[in-house]
Amino acid sequence: MVETGPAAYFGDVRVKGNKDVTSKYIKSWLPWQKGKDPFDLEQMEDFANDLRHSGLFRSVEIKTVPSELKVDSKGIATLPIDLTVKEAPFRTASARVYYDT
């Protein structure tokens, strides 16, 4: 028999490894709200894939931290998530305009 714990909701997302891309910007991509949306592994992986395909990162690793599951006084559990990224080199474009009479 498998014992299950309480239903969990998305908890804090801790971003590591970012230098130029702010944690705030990365978190703006989150498709869920902390403590309000039930945890969904597929949704978490889709988010990581969106970051991978953004061109901003060389690598993206995402994982839950079950050892830090928090249950509040109402019995609502939140599951923290660690997100580790390695940024890709920034691409720049430049142009030169010359006018002569």
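Predicted model: local features only at pLDDT ≥ 70, side-chain atom pairs only at ≥ 80, totals over all residues.

Visitor: Why is aspartate 82 called buried?

Guide: Buried means under 20% relative accessible area, and aspartate 82 has 9% relative accessibility, so aspartate 82 counts as buried.

Visitor: What makes the link between the side chains of aspartate 82 and arginine 14 a polar contact?

Guide: The two side chains come to 2.7 Å, and a polar contact needs a pair of N or O atoms within 3.5 Å, one able to donate a hydrogen and the other to accept it. The pair is therefore counted as a polar contact.

Visitor: How do you know whether alanine 8 is buried or exposed?

Guide: Alanine 8, which lies in strand E1, has a relative accessible area of 19%. The limit for buried is under 20%, so alanine 8 is buried. Leaving out residues up to four places away in sequence, alanine 8 touches Pro38, Phe39, Leu69, Ala77 and Leu79. With proline 38, the separation is 30 residues in sequence and 6.0 Å in space, C-alpha to C-alpha.

Visitor: What makes up the largest nonpolar core, and which residues touch the most other members?

Guide: The largest nonpolar core has 16 residues, of which Ile26 and Leu83 touch the most other members. Two or more residues each come from strand E1 (8-16), helix H2 (41-52), strand E2 (57-64) and strand E4 (77-87), and H2 gives the most, with four residues. In soluble globular proteins, nonpolar side chains tend to be buried together.

Visitor: With which residues is leucine 83 in contact?

Guide: Setting aside neighbours within four places in sequence, leucine 83 is in contact with Val13, Arg14, Val15, Lys16, Ile26, Phe47, Leu51, Val60, Glu61 and Ile62.

Visitor: How do you know that the length of H2 is close to what is expected of a helix?

Guide: H2 has twelve residues, and its first and last C-alpha atoms are 17 Å apart, which is close to the 16 Å expected at 1.5 Å a residue. At the start of H2, a side-chain oxygen of aspartate 40 reaches to within 2.9 Å of the backbone nitrogen of glutamate 42.

Visitor: Why are the buried residues of H2 said to line one face?

Guide: The buried residues of H2 are Met44, Phe47, Ala48 and Leu51. Seen down the axis of H2, these buried residues fall within an arc of 95°, so they line one face of the helix. They pack against E1, helix H1 (23-27), E2 and E4.

Visitor: What makes leucine 51 a buried residue?

Guide: Leucine 51 has a relative accessible area of 1%, and buried means under 20%, so leucine 51 is buried. Beyond neighbours within four places in sequence, leucine 51 is in contact with Ile26, Trp29, Phe57, Val60 and Leu83. Leucine 51 and tryptophan 29 are 22 residues apart in sequence and 8.1 Å apart in space, C-alpha to C-alpha.

Visitor: How many aromatic pairs are there, and why is the pair of tyrosine 25 and tryptophan 29 called edge-to-face?

Guide: The structure holds four aromatic pairs. In the pair of tyrosine 25 and tryptophan 29, the rings are 6.2 Å centre to centre with 75° between the planes; centres within 6.5 Å make a pair and planes over 60 degrees apart count as edge-to-face, so the pair takes that name.

Visitor: What makes the pair of tryptophan 32 and phenylalanine 47 edge-to-face, and which parts does the pair tie together?

Guide: The ring centres of tryptophan 32 and phenylalanine 47 are 5.4 Å apart and the planes stand at 75°, so the pair is edge-to-face. Tryptophan 32 lies in the loop between H1 and H2 and phenylalanine 47 in helix H2, so the pair ties together parts that are 15 residues apart in sequence. Both tryptophan 32 and phenylalanine 47 are buried, and Phe10, Trp32, Phe39 and Phe47 form one aromatic cluster.

Conventions:
Residues numbered from 1 in each chain as written. Heavy atoms only, no water. Core = buried A, V, L, I, M, F, W, Y, C linked by side-chain atoms within 4.5 Å. Buried < 20%, exposed > 50% of the residue type's maximum accessible area, 1.4 Å probe, protein only. Contact = heavy atoms within 4.5 Å. Expected span 1.5 Å × (residues − 1). Arc of directions from axis to C-beta. Phe/Tyr/Trp six-rings, centres within 6.5 Å; stacked < 30°, edge-to-face > 60°.
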